[in-house]
Amino acid sequence: FVDEYSGNLDDLRDAVRTIVECAAEERASEDISTGRIMLGICGTSVEECIGCLKSWVTNLDLPRGLLHGADVAGVPIDTATFGRAFIKYNTGGAMSWKELRESGKGFDALWIP
């Protein structure tokens, strides 16, 4: 939680921006398994976490993806009573179904870059 962080937020922002820039250069290469960015976002509610995730993704120009676990069969889950939450964001290693088939790795390609 940012209000409890005792370090220098500007240094933290600069470090994250540097990592994101390096990862973007790697993702621009032909090897889609490189350039992975993983963020862990904690908050007092799911809504707070999602708002934070949207802010980071937008401000750092990170790839947008699906939010897994936020619905059941396409129907959004009511998260109002969940309390504290954690969201894991991951950019790297994502393949299209076509790329997955062409890789010959099967579903292991989803988990093993």
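Helices (H or I, at least four residues) and strands (E, at least two) are taken here as DSSP runs, numbered from the N terminus. On that basis, the elements of the protein run α-β-α-β-β-β-α from the N terminus on. The model is a predicted one. Its secondary structure comes to three helices and four strands.

**Overall figures**

- The protein has 113 residues, and 20% of them count as buried.
- Its accessible surface comes to about 8,500 Å². Carbon and sulfur atoms account for 56% of that surface.
- Take the contacts between residues at least 6 apart in sequence: 62% of them join residues at least 24 apart.

**Nonpolar core**

- In soluble globular proteins, nonpolar side chains tend to be buried together.
- The largest nonpolar core here has 15 residues.
- V20, I37, L53, L62 and Y89 have the most contacts inside this core.
- Four elements are listed as giving two or more residues to the core: α1 (9-27), β1 (38-43), α2 (46-59) and β4 (85-90).
- Helix α2 supplies the largest share, four residues.
- V20 is in contact with I37, L60 and L62, leaving aside its neighbours within four places in sequence. Two of these partners, I37 and L62, are also among the core residues with the most contacts.

- Side chains of opposite charge can pair when their charged atoms come close.
- The structure holds two salt bridges.
- One joins R13 and D10, with the closest N and O atoms 3.2 Å apart.
- R13 and D10 are three residues apart in helix α1, so about one helical turn separates them.
- The cut-off for a salt bridge is 4 Å.
- D14 and R17 both lie in helix α1, three residues apart, about one turn of the helix.
- D14 is partly exposed, with a relative accessible area of 44%.
- R17 is partly exposed as well, with a relative accessible area of 42%.

Methods:
Residues are numbered from 1 along each chain as its sequence is written. This is a predicted model: local features need pLDDT of at least 70, side-chain atom pairs count only at pLDDT 80 or more; totals for chains, interfaces and linings use all residues. Side-chain values use heavy atoms; hydrogens and water are left out. A nonpolar core is a set of buried Ala, Val, Leu, Ile, Met, Phe, Trp, Tyr and Cys residues joined through side-chain atoms within 4.5 Å. Buried means under 20% relative accessible area, exposed over 50%, partly exposed in between (1.4 Å probe, protein chains only). Contact means heavy atoms within 4.5 Å. Accessible areas come from the Shrake-Rupley method with a 1.4 Å probe; for residues, only the protein chains shown count as cover. A salt bridge is a side-chain nitrogen of Lys or Arg within 4 Å of a carboxyl oxygen of Asp or Glu.
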